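Q: Please take a close look at one helix pair in this protein. Show which residues meet there, and then how the pair sits in the whole.

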Amino acid sequence: MTKAVIPNPLERRHLIERDAAPEASLRLAEAYLAEGRGWEAIVFLQKAGASDRLAALREEAVADGDFFLVRELTRALGDELPAAQWRATSEAAAAAGRLLRLDGGQMVD
């Protein structure tokens, strides 16, 4: 099995704008995910109609406390995340030391 090649930024833009078979889009998305590039995989998962994979990626982002990725995946899925999941994201972010206040950089409870 050959390793999928991540396209350069210009090729990526062309691939996003073109119609593609769901299988091809899914292969690209999985190549990005294998490289730890979830943000770049989102558009190809959408093109592939892989809502189950988008949802799984969102669960990983919740567990990692990545608010921005959770928000983007929620937009891609076109649904709403329950408040309990946002709280879980917040708790994971706090555990990872990602919650900082802008007024002095100290985390507060």
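A: On the helix 2 side, P22, S25, L26, L28, A29, Y32 and L33 meet G38, E40, A41, F44, L45, K47 and A48 of helix 3. Contact here means heavy atoms within 4.5 Å. Helices are DSSP runs (H or I, at least four residues), numbered from the N terminus; strands are runs of E, at least two residues. The model is predicted: local features need pLDDT of at least 70, side-chain atom pairs count only at pLDDT 80 or more, and totals for chains, interfaces and linings use all residues. Residue numbers start from 1 along each chain as its sequence is written, and side-chain values use heavy atoms, with hydrogens and water left out.

Take A41 as one example. Leaving aside residues up to four places away in sequence, A41 touches A29, Y32 and L33.

Now the geometry. Two packed helices are described by the angle between their axes and the distance between the axes. For helix 2 and helix 3 the angle is about 165°, and the axes lie 8 Å apart. Helix 2 is therefore roughly antiparallel to helix 3; that term covers angles over 145 degrees. Axes are lines fitted to C-alpha atoms, for helices over the stretch in contact, and angles run from 0 to 180 degrees between N-to-C directions. The crossing of the two helices is left-handed: the near helix is turned anticlockwise from the far one by less than a right angle.

Next, the core. In soluble globular proteins, nonpolar side chains tend to be buried together. The largest nonpolar core here has 20 residues, and A41, I42, F44, L45, L54 and L73 have the most contacts inside it. Such a core is a set of buried Ala, Val, Leu, Ile, Met, Phe, Trp, Tyr and Cys residues joined through side-chain atoms within 4.5 Å. Buried means under 20% relative accessible area, exposed over 50%, with partly exposed in between (1.4 Å probe, protein chains only). Helix 2 (22–34), helix 3 (38–48), helix 4 (51–64) and helix 5 (67–77) each supply at least two core residues. Helix 3 gives the most, with five.

Step back to the whole protein. It has six helices and zero strands. Of its 109 residues, 28% are buried. Among contacts with a separation of 6 or more, 42% join residues 24 or more positions apart.

For contrast, look at A95 in helix 6 (83–95). A95 is exposed, at 72% relative accessible area.

How values were computed:
Angles under 35 degrees count as roughly parallel, over 145 as roughly antiparallel, 65 to 115 as roughly perpendicular and the rest as oblique.
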